[in-house]
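I wanted to work through this structure one feature at a time and keep a record of each thing I looked up. These are my notebook entries.

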Amino acid sequence: MTKAAVISTSCPSMGEKSESQAGKQPRVRAELKAATANDRSLLPHADDESVCSDSGFGGSPAPSSSSSFEEHEGPNEASGDDSWKINKMIPHSWPTFSPPLRKRSSWVQVVGHAGNFQAGPDGKLLKKYCKSEQQCYQKLMHDSLQPFVPGYYGVTQHDEQDYNMMDDLLADFDSPCIMDCKMGSRTYLEEELRKARECPQPRRDMYEKMVAVDANAPTTEEHAQQSILKTRYMQWRETLSSTATLGFRIEGVKNANGTCNTNFKKTKGKAQVTEALQDFVDKNVPVLRCYQQRLTELRSVLENSNFFRGHEVVGSSLLFIHDQTGKVGVWMIDFGKTMPMPCPLILDHRTPWVEGNREDGYLWGLDNFIDILSSMLPALEE
Ligand SMILES: O=P(O)(O)O[C@H]1[C@H](O)[C@@H](OP(=O)(O)O)[C@H](OP(=O)(O)O)[C@@H](OP(=O)(O)O)[C@H]1O
Ligand SMILES: Nc1ncnc2c1ncn2[C@@H]1O[C@H](COP(=O)(O)OP(=O)(O)O)[C@@H](O)[C@H]1O
């Protein structure tokens with residue numbers, strides 16, 4: 001599977017192109033796991049290797065990359081050993097051999113659910129099975145969006161748990177900087193709203209997450225109940241951040257030195273978002289230009305994608321990755337809440353959402369994202 005979305009800062013306008021769920025665990029909000037493709041035990045290491053926290057740069061211990069980001073080696077593709085080949089349709093048992101080692105890679109989970117991922121063979125990543133995500137990836141492998149999503153290799157099984165197997169997008173990068181941005185103006189499905197009305201299930205953990213950010217956010221009644229609906233929490237998160245005003249939000253960043261920041265819940269205004277993006281690219285103009293070009297390219301592909309027009313894309317992220325060698329890439333990830341529209345309904349992804357139209361604001365958000373990156377360039381180029 002080609003990872004066509006990896007480019008170098010000396011491309012495309014400047015030259016060469018290089019190749020390169022919630023069942024429901026707590027959110028990682030920052031977890032470091034070094035992918036050990038040859039480690040057949042595949043034990044998650046969320047607890048012992050956590051580097052990121054909601055307290056951000058200032059508040060949390062931030063181990064250096066050398067101490068925290070161990071590099072591990074993977075199985076040998078060149079050996080011709082094909083025991084890792086996965087049937088794309090049928091769940092497989094986990095192989096028990098230890099193939100020779102091939103490449104050095106490391107993996108970092110910036111945000112998302114703890115325990116959702118495992119290292120796979122040969123630069124692959126395993127994400128806990130989610131049927132709707134599988135269906136999306138299967139369709140995406142035959143869509144014009146294919147270069148903008150991780151390669152998908154079907155379902156595999158380990159310890160009676162099914163996983164979707166995909167490319168580890170970090171595999172070809174060297175100590176990468178990573179940013180996860182959640183796209184769209186709505187972060188919950190219409191279906192979730194309907195269910196919440198029909199059978200409300202207030203959650204204490206949602207209340208606690210809300211209070212941790214703003215003790216005054218819950219209503220008097222919510223304080224009394226010490227629990228809130230997930231949709232209420234999600235809507236509050238949207239208005240607290242830039243989701244409601246810009247159609248995307250920064251979820252988390254991992255910097256080259258190994259520090260992580262997931263303290264973006266209140267990053268809302270254009271100025272705040274711009275500042276965070278400037279920090280992420282470290283004011284590196286070629287990197288910024290590559291991201292801007294890549295998003296412009298993605299927009300044009302999205303506007304013509306059969307998959308995209310026929311799906312409500314909610315809670316999906318763009319993963320931005322660059323490193324010191326000049327490699328830059330952007331991919332769409334997380335299709336757990338991407339749902340097909342009933343035929344022949346389609347979405348334009350820009351029309352504002354009103355309940356029933358299922359619009360997600362994805363392209364509106366991408367327009368704003370591109371505008372912000374474009375507006376950053378002249379000042380940095382001076
Ligand atoms: O980011 P914070 O504020 O912690 O809130 C999270 C995110 O919105 C998750 O969405 P995503 O995975 O898209 O980032 C969502 O998972 P879902 O994807 O299941 O909606 C979590 O719901 P629960 O997992 O139900 O807690 C919710 O608690
Ligand atoms: N294919 C991938 N390659 C590399 N990193 C990934 C990949 N998919 C996910 N990640 C990492 O895991 C994080 C969470 O991914 P996501 O799919 O959103 O999980 P969840 O469904 O648990 O929210 C991302 O922010 C990113 O750091």
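I began with F320 in this predicted model, and I listed its contacts while leaving aside its neighbours within four places in sequence: C177, I178, M179, C181, F280, Y291, L295, G329, V330 and F369.

Next I looked up the largest nonpolar core, which has 66 residues, and I noted that F320 is among the members that touch the most others, together with L145, L295, L318 and F369. I then checked which element gives this core its largest share, and found that helix α12 (residues 362–381) supplies 10 residues. Another core, of 11 residues, lies apart from it, and its members include M210, Y233, M234 and L240.

I turned to helix α10, which runs over residues 285–303 and spans 27 Å from its first C-alpha to its last, close to the 27 Å expected for its 19 residues. Among its buried residues I wrote down Y291, L295, L298 and L302. At the start of this helix, I found a side-chain oxygen of N284 within 3.2 Å of the backbone nitrogen of V287.

Last, I asked which residues are closest to ligand 2. Of the 22 residues that surround the ligand, the closest are V110, H113, K127, L169 and D180. I noted that an oxygen atom of ligand 2 lies 2.9 Å from a backbone N or O atom of V110, and that a side-chain N or O atom of K127 is 2.8 Å from an oxygen atom of the ligand. I also recorded that the protein covers 97% of the 550 Å² of accessible area that ligand 2 has on its own.

Notes. Residues are numbered from 1 along each chain as its sequence is written. Chains are lettered from A and ligands numbered from 1 in the order in which they are written. This is a predicted model: local features need pLDDT of at least 70, side-chain atom pairs count only at pLDDT 80 or more; totals for chains, interfaces and linings use all residues. Side-chain values use heavy atoms; hydrogens and water are left out. Helices (H or I, at least four residues) and strands (E, at least two) are DSSP runs, numbered from the N terminus. The expected span of a helix is 1.5 Å times one less than its number of residues. Buried means under 20% relative accessible area, exposed over 50%, partly exposed in between (1.4 Å probe, protein chains only). A polar contact is a pair of N or O atoms within 3.5 Å; within protein, one must be able to donate a hydrogen and the other to accept it, and residues adjacent in sequence count only if both atoms are side-chain atoms. A nonpolar core is a set of buried Ala, Val, Leu, Ile, Met, Phe, Trp, Tyr and Cys residues joined through side-chain atoms within 4.5 Å. Contact means heavy atoms within 4.5 Å. A residue is near a molecule or strand if one of its heavy atoms lies within 4 Å of it. Accessible areas come from the Shrake-Rupley method with a 1.4 Å probe; for residues, only the protein chains shown count as cover.
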